[in-house]
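Hi there,

Here is the structure I promised to pass on to you. Have a look at it first, and then read on for what turned up.

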Amino acid sequence: MSTNHSWTRFIFILVDGSPYQVFNDLVQDGTLPNIKKYVIDRGVFKKAVTAFPSTTGPAFIPFFTGRFPGPANVPGIRWLSKKEFQNPYRFRSPGICSYMGREALSFSAHLPDSPTLFDLFSPVNNIYNLLTRGCPPSGNLTRWIKPLVYTYAHFSERWKFVNAIASRKLLKAVKGNAEFVMCLFPGVDTFSHLSHTRSPDAMDIYREVDRTVGEVCQILQASGDFDNTLIMIASDHGMSNTHTHIDLPSRLDSLGWRCLHYPLLWRRHARSASMVSGNGMAHLYFKGGEGDKGKSTSKHQEGWGGRVSFEKLSRMGAIEPLLEIEGLAFVAGQSEDGGIVVQDRNGIAEITCETETFSYQFHGADPLGYGASYQNLSSRDALIQTYDSKYPDGLVQLWQIFQGDRTGDLVLSADPGYDLRARYEYPEHHATHGALNAEQMFVPLAINLPIETEFIRTVDLFPTVLSQFGRPVEPAQIDGRVLR
Ligand SMILES: [Zn+2]
């Protein structure tokens, strides 16, 4: 791959919620002629694996910082910090968060203090993306209208109108002088949730994105920038259609683990919390971790303690009833020895990591279905060995999500066809993401750069793009690597 190209501009188009398989079919059947002609035919079209949880917000972090959501300590679109949370919940209480509403404005503040793409290019423009760290307010072209149009579209379902604004803003930005333009198209995700991943409305959004890419490239040709503009089109997560909603909080309630969950955050005497993302995954938090004794300094500060080990949760009787839930792929937690335990109805496994190499051992049936134990695989080899499987990159992804203290005691992943939220979701979701499975983890990558490898994580794109612009980052500061 050429590394001495003199790029002068970078355009990143994120088609929120586009699954690799759907995008690939549309490239093949000629529905996306501009993306094919102007981007893929001058570079590549690849299948990339996103970060777990495969959900808007956390899955943006790899693109912009080169970090996984776990080490970045933003492990879900909703999370709870056992360290900071106070129960009963009070308005503006710290330690519990959902980026779905007003708190989307806090997303960038919750990220670790490391540079983003917005810090590393200048000038920059941002359209609709909620990760705005490093983007000056004047460069954030939708900062005033996004809350209004998103709220309007959420209740009216008029997402084509919202998407059309993204197209207009993108064309305007490309006519300007920004070195880096980031544009998120929201319609595929929202229309897929409303019906299914190939709904006619979602297809209209794909066609509009493609038309806009054509216009963008004509503007670049007219200005003489075309050959020197790196264009990357990708998605933050895939999606699969949903037939069954699992009512996780009700299950926990009935098991005696009275459960806090959005929007019921004021429940008293809660003993567990479910923070769902996408809605194919959930973090479960249990009261009673080590270190909570003596910390109850007032009636408002009932400590939730530290992370409860998988072994202790098993002894507390919390694991077995979860495994019986139809549609739940697996539960994962942290072992007393520091490893990550994964269990389903038929088997149990442990992922360990020593000196940056990963090992995997299972007992009974392999819960991740790899059918092999692994010893001391590099992160790269762990990706390659598990790429074309039901749980792509499962070893590293399950390891990374537990590297932050906002991660649940348990992480649950649903099977395709199921999600983990049966109530309080308006409008009802008919398609799902968030889980670790192939349908929701594989995303399309179209880029006018000849990348050779077939094994790509979205976290690799940050260092890859920066190296193209001659701005390499220290490998020790990120989780990705430069793609060749
Ligand atoms: Zn979504």
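A term to start with: two strands count as paired if DSSP finds at least two bridges between them. Please also keep in mind that this is a predicted model.

With that in hand, let's take the sheet. It is an open, mixed sheet of 9 strands, which run in the order 10-11-12-18-13-14-15-16-17. Strand 10 (259-260) and strand 17 (374-378) are the edge strands, each pairing on one side only. Helix 13 (residues 379-386) packs on this sheet, where it touches strand 16 (357-364) and strand 17, and its direction makes about 115° with that of strand 17. Elsewhere in the sheet, 6 bridges join strand 11 (residues 272-277) to strand 12 (residues 281-286) in the antiparallel sense. For Ala273, the bridge partner in strand 12 is Tyr285.

Now to the helices. Helix 7 (residues 159-175) and helix 8 (residues 187-194) have axes that come within 9 Å and cross at roughly 170°. Angles over 145 degrees count as roughly antiparallel, so helix 7 is roughly antiparallel to helix 8. Their contact has 3 nonpolar, 3 polar and 1 charged residues, with Trp159 of helix 7 and Phe191 of helix 8 among them.

Helix 7 also packs with helix 9 (residues 200-223), at an angle of about 10° and with the axes 10 Å apart; these two helices are therefore roughly parallel to each other. This contact has 7 nonpolar, 3 polar and 5 charged residues, including Leu170 and Lys175 from helix 7 and Glu208 and Ile219 from helix 9.

Enjoy exploring,
Your colleague

Terms used: Residues numbered from 1 in each chain as written. Predicted model: local features only at pLDDT ≥ 70, side-chain atom pairs only at ≥ 80, totals over all residues. Helix = DSSP H or I, 4+ residues; strand = E, 2+ residues; numbered from the N terminus. Contact = placed C-beta atoms within 7 Å. Axes fitted to C-alpha atoms, helices over the stretch in contact; angles between N-to-C directions. Parallel < 35°, antiparallel > 145°, perpendicular 65-115°, else oblique. Nonpolar A, V, L, I, M, F, W, Y, C, P; charged D, E, K, R; others polar.
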